[in-house]
Amino acid sequence: MPAMTSDPVAGAVDAAAVAAWMDETGLGAGPLEDLRPLPGGTQNVMLRFRRSGRDYVLRRGPRHLRPRSNQNILREITVVSALGTTDIPHARLIAACTDPAVLGDAVFYLMEPVDGYNAAVELPPRVAADAAERHAMGLRAVRALALLGEVDPAAAGLDGFGKPDGFLERQVSRWTGELESFSGLDGYTGPDLPGVSRLASWLEASRPRQGRTGILHGDYHLANVMFTPGGPEIAAIVDWEMSTLGDPLLDLGALLAVWPEADGVPDLIGTALSAAGGLPSEREAVAEYARHSGRDLSDLDWYVVLAAFKLGIVLEGTNARAQAGMADTATGDRLHAHALALFERALRRSAV
């Protein structure tokens, strides 16, 4: 892509091909203007641009597609489209390209830009100086998650989106299989994660009865939430590629798996919001969830351990790809450190 040869996502998006597809779709005319990559995440490519006076954000899988990259983006398209019928804050879908031939190998979609900021990256000075607002932001993030878990998937048009039956029973084998698959990457020296077998055994032996089916985000934490510029409200929940139907308490487990264990202690993904202090305690976060959800939270520790186990393996996947030359080495090292911390927390919480 000549217009973006100096850009870190050069080669991932052919601007001329996108423009031609938009012509066919009836989305403006002329070249894509002011193209710039958007930060956030370590995997997928996101670009913001303008065409015919309208702003767009394009999202596709990583430049080096993984086996399920296109499938994940297609799932994201499905759930984001369905969320348009709900009050859940998200980036609104404009149009989707499900033909990978347009970009040579990757499906993609266009969404409305979000008027908000990612508090994981940087805090506005007003927020950095106001612990009460940061506390409220944490509660809003928990409330948004609880409300997502209360959405009726059938009413949103998501019947058949996932396989909710046996969802919890599949989790351990699903993620241990994922971890084992990394050994097929040339150059990967791992996995070097503590207690994988012990945690897997504990999770299988302690598994609770699955609750009623709901929508899971699949990767819910403070880095995947955007806040409104003028207050503590949620502008959008983002990055839906791991969404499915199943037991939404796994999303709460994921949030708590990386939640700071004490005020002033960084969370396990290093967000600016957590580093500034003032977030609700875990007890307050759980109480807020309970206020907006009718779900039984008595087995919450199990969900937290499973979430830490799963997220640790997901992050280790980036480390494995980095060692294989398919991702940035510094990012791989950083996420491996986060994976180690997640497994250590899981071991403490399960007491195995």
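Buried means under 20% relative accessible area, exposed means over 50%, and partly exposed lies in between (1.4 Å probe, protein chains only). Arg-59 counts as buried because its relative accessibility is 3%.

This is a predicted model, in which local features need pLDDT of at least 70, side-chain atom pairs count only at pLDDT 80 or more, and totals for chains, interfaces and linings use all residues. Residues are numbered from 1 along each chain as its sequence is written, and side-chain values use heavy atoms, with hydrogens and water left out.

Helices (H or I, at least four residues) and strands (E, at least two) are DSSP runs, numbered from the N terminus. Two strands pair if DSSP finds at least two bridges between them.

Start with strand E2, residues 45-51. Five of its seven residues are buried, so E2 is largely enclosed by the rest of the structure. Strand E1 (residues 33-37) runs antiparallel to E2, and three bridges join them. Glu-33 stands opposite Arg-50 in E2.

E2 also pairs with strand E3 (residues 54-60). That pairing is antiparallel and spans seven bridges. Met-46 has Arg-59 of E3 as its bridge partner. The hairpin of E2 and E3 has two residues between the strands. There, Ser-52 takes a positive phi near 55 degrees.

Strands of a sheet pair through backbone hydrogen bonds, either parallel or antiparallel.

## Salt bridges

A salt bridge is a side-chain nitrogen of Lys or Arg within 4 Å of a carboxyl oxygen of Asp or Glu. How many salt bridges does a search of the whole structure find? The search finds 21. Three of them are set out here.

| Salt bridge | Closest N to O distance |
|---|---|
| Arg-59 and Glu-241 | 3.8 Å |
| Arg-174 and Glu-178 | 3.2 Å |

Take Arg-59 and Glu-241, which form a salt bridge. Arg-59 lies in strand E3, and Glu-241 lies in the loop between strand E9 (234-237) and strand E10 (244-246), so the pair ties together parts that are 182 residues apart in sequence. Glu-241 is buried, with a relative accessible area of 13%.

Arg-174 and Glu-178 both lie in helix H5 (residues 167-181). They are four residues apart, about one turn of the helix. Arg-174 counts as partly exposed, at 34% relative accessibility. Glu-178 counts as buried, at 17%.

Are Glu-261 and Arg-348 buried or exposed? Glu-261 is exposed, and so is Arg-348.

Some salt bridges share partners. They join Arg-59, Glu-76, Asp-239 and Glu-241 into one network.

## Aromatic rings

Rings of Phe, Tyr and Trp (its six-membered ring) pair if their centres lie within 6.5 Å; planes under 30 degrees apart count as stacked, over 60 as edge-to-face and the rest as tilted. A search of the whole structure finds six aromatic pairs.

Why is the pair of Phe-182 and Tyr-188 edge-to-face? The ring centres are 6.4 Å apart and the planes stand at 80 degrees, so the pair is edge-to-face. Phe-182 and Tyr-188 are buried.

Trp-302 and Tyr-303 form another edge-to-face pair, at 5.3 Å centre to centre with 85 degrees between the planes. Trp-302 counts as buried at 4% relative accessibility. Tyr-303 counts as buried at 3%.

The rule asks for NZ of Lys or CZ of Arg within 6 Å of the ring centre and within 35 degrees of the ring normal. The charged end of Arg-75 sits over the ring of Phe-161, 4.5 Å from its centre. Arg-174 lies over the face of Trp-175, at 4.0 Å from the ring centre.

## The sheet of E6, E8 and E9

Three strands form an open sheet in the order E6-E8-E9, with antiparallel pairing. The edge strands are strand E6 (117-118) and E9, and each pairs on one side only. Strand E8 (residues 225-227) is joined to E9 by three bridges. Met-226 has Ala-236 in E9 as its bridge partner.
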